[in-house]
Amino acid sequence: MEVHHNVAVGYLAVLLLTLCLDNGARLQIKNSLVPNGLAAVTSTVDEFLQYHQKIEEEVYQFPKKGQPASGFLSRLQGLVAQVRQVEL
């Protein structure tokens with residue numbers, strides 16, 4: 001049951017982070033998460049990303065050394081980097 005909850009929270013955090021690509025939505029989300037702001041969302045997405053990386057490594061034996069992450073992981077990493085860059 002806890003795994004289902006964590007996955008749901010992870011996808012919700014990804015949705016919120018995706019919405020943060022819009023300036024107006026980012027301000028509303030950031031203000032609603034005072035005092036931590038977007039740090040709470042980005043840290044949750046980071047944990048979700050680590051979880052998926054671990055799954056790929058253990059279950060699918062991917063990525064192997066020298067191989068890039070899957071398309072989903074690459075897009076997720078790009079999303080986190082994009083929002084962090086805007087927040088600087």
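pLDDT is the predictor's confidence in each residue, from 0 to 100. This is a predicted model, in which local features need pLDDT of at least 70 and side-chain atom pairs count only at pLDDT 80 or more, while totals for chains, interfaces and linings use all residues. Residues are numbered from 1 along each chain as its sequence is written, and side-chain values use heavy atoms, with hydrogens and water left out.

**View 1. Confidence in the helices of the protein chain.** Mean pLDDT over the protein chain is 86, with 89% of its residues at 70 or more. Helices are DSSP runs (H or I, at least four residues), numbered from the N terminus. Confidence is highest in helix α2 (residues 23–32), at a mean of 93, and lowest in helix α3 (residues 38–58), at 88.

**View 2. The largest pocket.** A pocket is an open set of points on a 1 Å grid over the protein atoms alone, where a 1.4 Å probe fits, with protein on both sides within 12 Å along at least five of seven lines; lining residues have an atom within 4 Å of a point. The space in this pocket is about 180 Å³. Its lining consists of Val3, Asn6, Val7, Val9, Gly10, Thr44, Glu47, Phe48 and Tyr51.

**View 3. Packing of α1 on α4.** The axes of α1 and helix α4 (residues 71–87) are 10 Å apart, at an angle of about 50°.

Key. Helices (H or I, at least four residues) and strands (E, at least two) are DSSP runs, numbered from the N terminus. Grid points are joined across faces, edges and corners, and a volume is the space filled by probe spheres set on the points. Axes are lines fitted to C-alpha atoms, for helices over the stretch in contact, and angles run from 0 to 180 degrees between N-to-C directions.
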